[in-house]
Amino acid sequence: MHVTTPLIIDTDPGVDDAFALALAAASPEVELIGVTTVFGNVSLENTTRNALRLLTLLGRDDVPVGVGAARPLVHPHPHLSSAHGSDGLSGFAHTLPEPTRDVDGRDAVTLLRELLEQADRPVTIVPIGPLTNIALLLAAHPHLKPKIGRLVVMGGGVTGGNVTATAEFNVWSDPEAARRVLVEEDVPTTLVPMDLTRRCAVSAEWLDALAKTSEVAKTLVGLTPDYLATYRKFLGWDGMAVHDAVAVAEAVRPGILTATAFPVDVDCAFGPNRGALVVDQRLEVDAPKTLGITLDADLDGLRAFLFDRLGALGVRQ
Ligand code: BDR
Ligand code: CA
């Protein structure tokens with residue numbers, strides 16, 4: 001019998017989050033059992049609305065959506081004009097179908113707790129926004145850690161950042177939460193940093209071809225204009241990074257990315273490096289915890305995998 005991996009996505013949609021949710025919905029290796037929302041690319045209200053609408057587009061109104069944190073754990077979030085447009089989806093959230101249901105009555109941490117309690121096999125959690133909900137979960141319910149098979153976290157930059165010179169958006173958005181999850185907790189964790197996700201960027205031609213595969217894919221690609229425009233400048237060519245979908249690819253097909261174990265820390269000081277991931281790449285360092293950091297992949301193979309799965313949207317449901 002084909003045994004699927006239960007999967008929960010903690011998300012702040014977000015254009016690349018939309019691609020990540022779609023990949024999960026289109027992948028038979030995983031069973032998407034829950035989605036939790038967090039502030040991040042846009043306000044919690046918008047990320048939650050976007051998550052509900054995206055799941056409706058994907059034919060997955062059966063997946064409960066738990067509303068999570070509206071702000072970071074400790075320090076207020078500085079305002080950042082987003083790469084994802086005014087509504088988080090390049091101004092095209094209104095093109096998505098209206099959800100036929102509301103959010104779950106349980107908040108994110110309660111939903112995560114109950115889904116973990118009920119699971120009959122290890123659950124993979126993929127946080128693709130600020131780590132606030134996950135830090136709260138691990139702090140409040142440490143006894144559930146053995147129920148988490150793996151965290152696959154999109155976040156951090158090993159050689160630089162995208163918000164500041166050294167900090168990547170998800171870690172920078174709540175450094176204290178990121179430190180709790182990535183440094184202090186003993187849950188098996190794979191970190192998918194922006195160094196790799198940027199190298200996995202897809203081209204405008206790739207998106208055009210994807211849009212031709214189905215109405216669902218066309219709608220998904222229709223959410224990209226503002227984000228694509230930002231990345232065009234950032235990359236210097238006509239394409240965009242689908243950061244969060246790369247993390248989901250690793251959750252769906254473990255080992256599709258190549259990980260190396262390093263000790264890490266998160267800079268929580270109020271200096272120029274606040275929110276930076278600090279990766280100790282010295283050899284033979286004796287550290288209590290290491291993270292598997294994915295620094296490499298077969299880039300063309302990964303893009304082909306994403307295209308194959310997203311190109312089957314609306315077919316396999
Ligand atoms: C991360 O930040 C967000 O803008 C994206 O959705 C992704 O999760 C990349 O740095
Ligand atoms: Ca995200």
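G14 sits in the loop between strand 1 (5-11) and helix 1; helices (H or I, at least four residues) and strands (E, at least two) are DSSP runs, numbered from the N terminus. The peptide bond that joins P13 and G14 is cis, with omega at about -10°. This is a predicted model, where local features need pLDDT of at least 70 and side-chain atom pairs count only at pLDDT 80 or more, while totals for chains, interfaces and linings use all residues. Residues are numbered from 1 along each chain as its sequence is written, chains are lettered from A and ligands numbered from 1 in the order in which they are written, and side-chain values use heavy atoms, with hydrogens and water left out.

Leaving aside neighbours within four places in sequence, N50 is in contact (heavy atoms within 4.5 Å) with P13, G14, V42, D87, G88, L89 and A93. N50 has a relative accessible area of 0%, so it counts as buried; buried means under 20% relative accessible area, exposed over 50%, and partly exposed in between (1.4 Å probe, protein chains only).

Next comes the ligand. Around ligand 1 are D16, D17, N41, H84, I128, M154, N162, E168, F169, N170, H243 and D244, each with a heavy atom within 4 Å of it. Helix 1 (15-25), helix 5 (169-173) and helix 11 each supply at least two residues of this shell. Some of the side chains make polar contacts, meaning pairs of N or O atoms within 3.5 Å. A polar side-chain atom of N41 is 2.6 Å from an oxygen atom of ligand 1, for H84 the distance from a side-chain N or O atom to a ligand oxygen is 2.9 Å, and for a polar side-chain atom of D17 it is 3.0 Å. Taken alone, ligand 1 exposes 280 Å², and the protein buries 96% of that (Shrake-Rupley method, 1.4 Å probe).

Helix 11 (residues 243-252) is itself mostly covered, with 10 of its 10 residues buried. Among them are H243 and D244, which also belong to the ligand 1 shell.

Technical notes: Polar contact = N/O pair within 3.5 Å; in protein donor to acceptor, adjacent residues only side chain to side chain.
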